[in-house]
Amino acid sequence: IDVDFNNMVQDWNRGVNRRRNGSPFTPITMNIMDMITSMVAEKPVVIFSKSTCCLSHSMTSLIRSFGANPTVHELDEMANGQQIESALLQMGCQPSVPAVFIGQRFVAMDVVTTLTAEKPVVIFSKSNCCMGHTVKALISSFGTEPAVFELDKMPSGHQVERALLQLGCCPSVPAVFIGQKFIGGADEVIKLNVQNKLAQLLLGARAIFIWS
């Protein structure tokens with residue numbers, strides 16, 4: 001899911017009364033809304049996080065693996081963090097953290113982080129993608145069993161694909177993650193194999209334990 005930040009602000013300005021657990025939120029003050037707008041504006045990637053949130057740390061590492069340098073705001077370390085968190089919830093960020101904005105658009109990245117967490121090798125592909133099959137066969141030839149997600153067979157496939165595109169996966173599939181880090185698509189994986197570097201990455205991620 002991705003939502004234009006300006007549309008989120010317009011919804012709030014129209015007086016949309018969002019509810020959570022059946023109870024109305026405290027109205028957002030204009031000062032807080034202006035602050036969030038300025039925090040997101042003119043920055044390519046912004047993450048609202050908490051220092052104690054493991055998922056937020058995973059999200060930040062995932063985005064950095066693409067070569068991006070996100071601006072991270074730790075709400076629990078900010079004097080007005082609770083107000084900002086309340087505002088994010090009212091604007092539709094569920095849960096409030098991690099909340100990722102790419103190009104001033106809110107992107108639901110939690111599904112990608114969840115799918116790649118604690119798995120040594122993850123491949124996002126499509127059942128009709130020839131290069132996806134090639135990459136799967138290549139990585140499997142090392143003796144590992146990658147977790148493969150066929151986006152065209154997943155209920156949330158469009159959401160995952162949109163998030164991958166927002167992160168810079170072009171084309172969106174195949175997208176390969178090794179050790180929770182984005183490695184690239186078919187060209188990058190094949191190049192690593194030619195350079196004899198792919199096996200080392202798999203060893204480092206404990207996807208395989210012996211290779212000669």
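## A friendly tour of a predicted model

Glu-118 is exposed, with a relative accessible area of 79%. This residue belongs to the loop between helix 5 and strand 8, and its phi is positive, about 60°, although Glu-118 is not a glycine. Keep in mind as you explore that this is a predicted model.

**Backbone details to look for**

- Arg-206 also has a positive phi, near 60°, in a residue other than glycine.
- You can find Arg-206 in the segment after helix 9 (198-204), and Arg-206 is exposed, with a relative accessible area of 58%.
- Val-97 and Pro-98 are joined by a cis peptide bond, with omega about -5°.
- Pro-98 sits in the loop between helix 4 and strand 6.
- Another cis peptide bond runs from Cys-170 to Pro-171, where omega is near 5°.
- Pro-171 belongs to the loop between helix 7 and strand 10.

**Cysteines and disulfides**

- A disulfide is a covalent bond between the sulfur atoms of two cysteines.
- The model has zero disulfides, where the cut-off for such a pair is sulfur atoms within 2.5 Å.
- For Cys-54, the closest cysteine sulfur is in Cys-53, and the 6.9 Å between the two sulfurs is too far for a bond.
- Cys-54 is exposed, at a relative accessible area of 61%.
- For Cys-170, the closest cysteine sulfur belongs to Cys-169, 9.0 Å away, so this pair is too far apart for a bond as well.
- Cys-170 is likewise exposed, with 72% relative accessibility.

**The largest pocket**

- Rolling a probe the size of a water molecule over the atoms shows where empty space is left.
- The largest pocket holds about 170 Å³ of space.
- Cys-169, Cys-170 and Pro-171 are among the residues that line this pocket, and so are Phe-182, Asp-187 and Glu-188.
- Strand 11 (181-184) and helix 8 (186-194) each give at least two residues to the lining.
- Helix 8 provides the largest share of the lining, with three residues.
- By type, the lining residues are seven nonpolar, three polar and two charged.

**The largest nonpolar core**

- This core has 27 residues, and those touching the most other members are Val-112, Phe-124, Val-160, Leu-164 and Phe-177.
- Several elements give two or more residues to the core, including strand 4 (45-49), helix 3 (54-64), helix 5 (110-116) and helix 7 (157-167).
- Helix 7 gives the most to this core, with four residues.
- Domain 1 (3-107) and domain 2 (112-205) each contribute at least three residues to the core.

**A largely enclosed helix and a partly exposed strand residue**

- Why is helix 4 (residues 81-90) largely enclosed by the rest of the structure? Seven of its ten residues are buried, so the rest of the structure largely encloses helix 4.
- The buried residues of helix 4 include Gly-81, Ile-84, Glu-85 and Gln-90.
- Val-148 lies in strand 9 (residues 147-150).
- Is Val-148 buried or partly exposed? Val-148 is partly exposed, with a relative accessible area of 32%.
- Val-148 and Leu-115 are 33 residues apart along the chain, and their C-alpha atoms are separated by 9.9 Å.

Technical notes: Residues are numbered from 1 along each chain as its sequence is written. This is a predicted model: local features need pLDDT of at least 70, side-chain atom pairs count only at pLDDT 80 or more; totals for chains, interfaces and linings use all residues. Side-chain values use heavy atoms; hydrogens and water are left out. Buried means under 20% relative accessible area, exposed over 50%, partly exposed in between (1.4 Å probe, protein chains only). On a 1 Å grid over the protein atoms alone, a cavity is a set of points where a 1.4 Å probe fits but cannot get out, and a pocket is an open set with protein on both sides within 12 Å along at least five of seven lines; lining residues have an atom within 4 Å of a point. Grid points are joined across faces, edges and corners, and a volume is the space filled by probe spheres set on the points. Ala, Val, Leu, Ile, Met, Phe, Trp, Tyr, Cys and Pro count as nonpolar, Asp, Glu, Lys and Arg as charged, and the others, Gly among them, as polar. A nonpolar core is a set of buried Ala, Val, Leu, Ile, Met, Phe, Trp, Tyr and Cys residues joined through side-chain atoms within 4.5 Å. Domain bounds come from an automatic or database domain assignment.
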